[in-house]
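Hi everyone, thanks for making the time. Let me put the structure up on the screen, and then we can walk through a few parts of it together.

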Amino acid sequence: MQGGEKGLKSLILKDTPSAYSIHCFAHQLQLALVALSKKHSDVDNFFYVVTNIVNTIGASFKRRYSLRQHQLDKLEDLIKVGEVLTGQGLNQERGLQRPGDTCWGSHYKTLDNFIVLFSSIVNVLKDMKHECLYHLDRFAAQNLFSMIQEFAFVFMLNLMFKVLLLTNELNKVLQKKDQDIVSAMGMLDLAKKRLQKMREEEWDSLMEEVCSICSKHDIAIPNMDEDYVIGKSKRKRFEVSYLHHFRVEVFYVVIDLELQELNSRFDVVTSDLLLGMASLSPVDSFANFDKNKIMKLAKYYPSEFDENKLRELDFQLDSFIVYAQKCDSKFLNLKGIKDLARVMVETKVDQTWTHVYLLVKLTLIIPVDTASVERAFSSMKYIKNDLRNRMD
């Protein structure tokens, strides 16, 4: 969607290298998941199975009712033995929702509900194997039932839930209407560090959770030292241990791919641009002011700021921030860079600190796409239809 390789963006950058644009971070996060699914077959197959199960159960009122009934019966049994607490707001009914193609958070909610409703889903599919009228429906139910009863599926379910959980807070920050750029960049850095920590330290805890679920639902747990055959053709078949397959081929590879996608989509240039813009923001009396980040922003415009002008900008920033915070009350309580530019012109300080004003103008013309813009374009499908597009 950015057209960074062959699209309009690449053509513009060839003509004007400093014509930067910042794509929607929330959508970038979603594209990271899409890219992960395309690059790793196990992840792609896993979400294919989950989507099929959600569609199969959700397509029938009878199956949805059966799912709720199994959930209710299980909850009553847990309350009797005292394993769950009761009270206002507790034990809310869960449902299976189809993950949205352009909403990262929906995948997290789907897997969260899937884990909670796992036993109920198994019971519904088990009932479908015997009660469906058509042979194809019974065959599909049997196939899905067999898939979710495998150790590999439970492993992928917990692994992807953990990966999505670690980035869920970042997703919430990026979906806000009024985004705090500094906070969002901090959450992005936190998500990367948590994924790296998971890769280095949390293999054992993940395996304990997977084995616990398998034991609870009578799913066979393979001997990790046994051989696991990879490849279907006779020429490409080779054997490794189950431990090697799940730890190296799946666990490490999935997390590494996710980190690579996050690093590539949230690159250094975008981070420097956003942090530089945030450092110029006059909100809360320039609370985020950081001269080093602003100087780094200016260096991305070499045609406007050569070495001499960068040195002058350095001096001007020191004088400007003291003036704006302590000498002129008009610079207090401003809401954004747009207001800063207006007040600089009104007070004619744009003629005194010309380099600062130039940098303010440059930040105002950087196209920054946010979740609000994405939602606006998504709403167009309700307005731009065949009937309303006609001239009459």
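**Helix contacts, core and cysteines**

Let's start with two helices: Lys309, Glu312, Leu313, Gln316, Leu317 and Phe320 in H16 meet Thr354, His355, Val356 and Leu359 in H18. By type, the residues of this contact of H16 with H18 split into 5 nonpolar, 3 polar and 2 charged. Please keep in mind that this is a predicted model.

How do the axes of these two helices cross? The axes of H16, residues 307-327, and H18, residues 354-364, come within 8 Å and cross at roughly 95°. H16 is therefore roughly perpendicular to H18.

Now for the core. The largest nonpolar core has 107 residues, and the members touching the most others are Phe155, Leu159, Met160 and Phe331. Helix H8, residues 151-166, gives this core its largest share, 12 residues. If you click on Phe155 and skip its neighbours within four places in sequence, you'll find contacts with Trp203, Leu206, Met207, Val210, Phe246, Val250 and Phe251.

Last stop, the cysteines. How many disulfides does the structure hold? The count is 0.

Terms used. Residues numbered from 1 in each chain as written. Predicted model: local features only at pLDDT ≥ 70, side-chain atom pairs only at ≥ 80, totals over all residues. Heavy atoms only, no water. Core = buried A, V, L, I, M, F, W, Y, C linked by side-chain atoms within 4.5 Å. Buried < 20%, exposed > 50% of the residue type's maximum accessible area, 1.4 Å probe, protein only. Helix = DSSP H or I, 4+ residues; strand = E, 2+ residues; numbered from the N terminus. Contact = heavy atoms within 4.5 Å. Axes fitted to C-alpha atoms, helices over the stretch in contact; angles between N-to-C directions. Parallel < 35°, antiparallel > 145°, perpendicular 65-115°, else oblique. Nonpolar A, V, L, I, M, F, W, Y, C, P; charged D, E, K, R; others polar. Disulfide = S-S within 2.5 Å.
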